[in-house]
Each structure stands twice: as C-alpha cells, then as structure tokens.
Amino acid sequence: MTWLAASWPRIVAAAEHAHQMANDTADRSKFFVLTPAQARDVDAIASQIVPSGTTPGAHEAGVVYFIDQVHAGLWKENSQEFLTGLTDFQTKCSRHHAGVAQFADLPGDEQIAYLKHMEHEPFFGNMRFLTVLGLLALPSYGGNADKLGWKLVGFVDQHACQP
C-alpha cells in the first residue's frame, strides 16, 4: 500500500500521457527506443519479475512494448538514463557470466540468481515498477495485451457508474 501511495503521481502521469500517445505510438510491431537486443533483455528481466507459468506473465502481456513506448513518450527525458542503466546491467551481466552474450541467453535459474544479485540497483527497481505498470495499464498503452494483466488480478473491465 505504501508503494502505491508513493508511486501514485508517476502512475497518474503515465496514464495521462498514455491517453495522449495511444493513437500515436501504441504499436506492438516495432520498438521506438529499444534495439532488438535491448528489447530481448528487457523482456527477459520483466519475465522474471512476473513469470509465466499456470498464468500468463509479463512476456505474454507484452510489457516490453509498454516500457519502450513510455520511454518514447511520457518519460522521454528519462530514456537516456534508462538506456544507460540497461547498458550497465548488460555489461555487468557479461562480466559475471563470461561467454554469454546477453542476459536473455542465460538459463532461467541463472537469470533469477543474477537478478537477486542486482535487486538493490536503481535500474532493477525501475524495471520492477515499469513491469507492474505495463502489466496493468490499458492495452492501448503498449502492454497488458489481451487484458492479460487485468485477468491475472481479477479486474473486470466494465463501465460502472452509480449516482
């Protein structure tokens, strides 16, 4: 609950911007900020934060597209900081796992172990925040494909108004 209260201004800002950007950039066929290699790692990180299993996870919900699109729009001024954090994450991963080109190439158990090693880094905190936000945002914002995030938490998408 504290996390939600502390994060509320960022959530509201993201929602407002996403409404403005929905018709401009809500495109799951391309990336606006991330390269394909960066997108693979972002998707792999998000997929460990909200993994697939008996229910769909961040990968199936397309969280990587939300993360890309939010950095192309609302948080454009923070996109370079995000990309620098991602590059640093990738460089440290390559040093930690010699011979592995990308985080996404690691087996799942090694991905989890590495993320536990990095969980106190600001980049990981940002990824965790963006993953949850992308999982629960309106699908037109890039993530929450087929409303999978809403189904995961039991949200019923219906208009309801009571006087």
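## Ground rules

Contact means heavy atoms within 4.5 Å. This is a predicted model, where local features need pLDDT of at least 70, side-chain atom pairs count only at pLDDT 80 or more, and totals for chains, interfaces and linings use all residues. Residues are numbered from 1 along each chain as its sequence is written, and side-chain values use heavy atoms, with hydrogens and water left out.

## The chain as a whole

The chain has eight helices and zero strands. Helices (H or I, at least four residues) and strands (E, at least two) are DSSP runs, numbered from the N terminus. Read from the N terminus, the elements run α-α-α-α-α-α-α-α.

Of the 163 residues, 44% are buried. Buried means under 20% relative accessible area, exposed over 50%, and partly exposed in between (1.4 Å probe, protein chains only). The chain exposes about 9200 Å², and carbon and sulfur atoms supply 56% of that area. Accessible areas come from the Shrake-Rupley method with a 1.4 Å probe; for residues, only the protein chains shown count as cover. Take the contacts with a separation of 6 or more: residues 24 or more positions apart account for 70% of them.

## The nonpolar core

The largest nonpolar core has 38 residues. Such a core is a set of buried Ala, Val, Leu, Ile, Met, Phe, Trp, Tyr and Cys residues joined through side-chain atoms within 4.5 Å. Phe 82 and Phe 103 have the most contacts inside this core. The elements that give it two or more residues are H2 (36-49), H3 (58-61), H4 (63-72), H5, H6 and H7 (122-136). H7 gives the most, with seven residues.

Look at Phe 82. Leaving aside neighbours within four places in sequence, Phe 82 is in contact with Leu 34, Val 42, Ile 67, His 71, Phe 123, Asn 126, Met 127 and Leu 130.

H2 has 14 residues and should span 20 Å at 1.5 Å a residue. The end C-alpha atoms of H2 are 20 Å apart, which agrees. The expected span is 1.5 Å times one less than the number of residues.

Among the buried residues of H7 are Phe 123, Met 127, Phe 129 and Leu 130.

## Aromatic pairs

A pair of aromatic rings is described by the distance of the centres and the angle of the planes. Rings of Phe, Tyr and Trp (its six-membered ring) pair if their centres lie within 6.5 Å; planes under 30 degrees apart count as stacked, over 60 as edge-to-face and the rest as tilted. A search of the whole structure finds seven aromatic pairs. In one of them, the ring centres of Phe 31 and Tyr 65 are 4.9 Å apart and the planes are at 0°, so the pair is stacked. Phe 31 lies in the loop between H1 (2-25) and H2, and Tyr 65 in H4, so the pair ties together parts that are 34 residues apart in sequence. Phe 31 is partly exposed, at 28% relative accessibility. Tyr 65 is buried, at 19%.

Phe 89 and Phe 123 form a tilted pair, 5.6 Å centre to centre with 40° between the planes. Phe 89 lies in H5 and Phe 123 in H7, so this pair also ties together parts that are 34 residues apart in sequence. Both Phe 89 and Phe 123 are buried. Ring pairs link Phe 82, Phe 89, Phe 103, Tyr 114 and Phe 123 into a cluster.

## Around the ends of H5

Ser 79 is in H5 (residues 79-96). Ser 79 is buried, with a relative accessible area of 13%. A polar atom of its side chain lies 2.8 Å from the backbone oxygen of Lys 76. Lys 76 sits in the loop between H4 and H5 and is exposed, at 56% relative accessible area.

His 97 lies in the loop between H5 and H6 (108-118). His 97 is buried, with a relative accessible area of 13%. Beyond its neighbours within four places in sequence, His 97 is in contact with Leu 106, Glu 110 and Tyr 114.

Notes:
A polar contact is a pair of N or O atoms within 3.5 Å; within protein, one must be able to donate a hydrogen and the other to accept it, and residues adjacent in sequence count only if both atoms are side-chain atoms.
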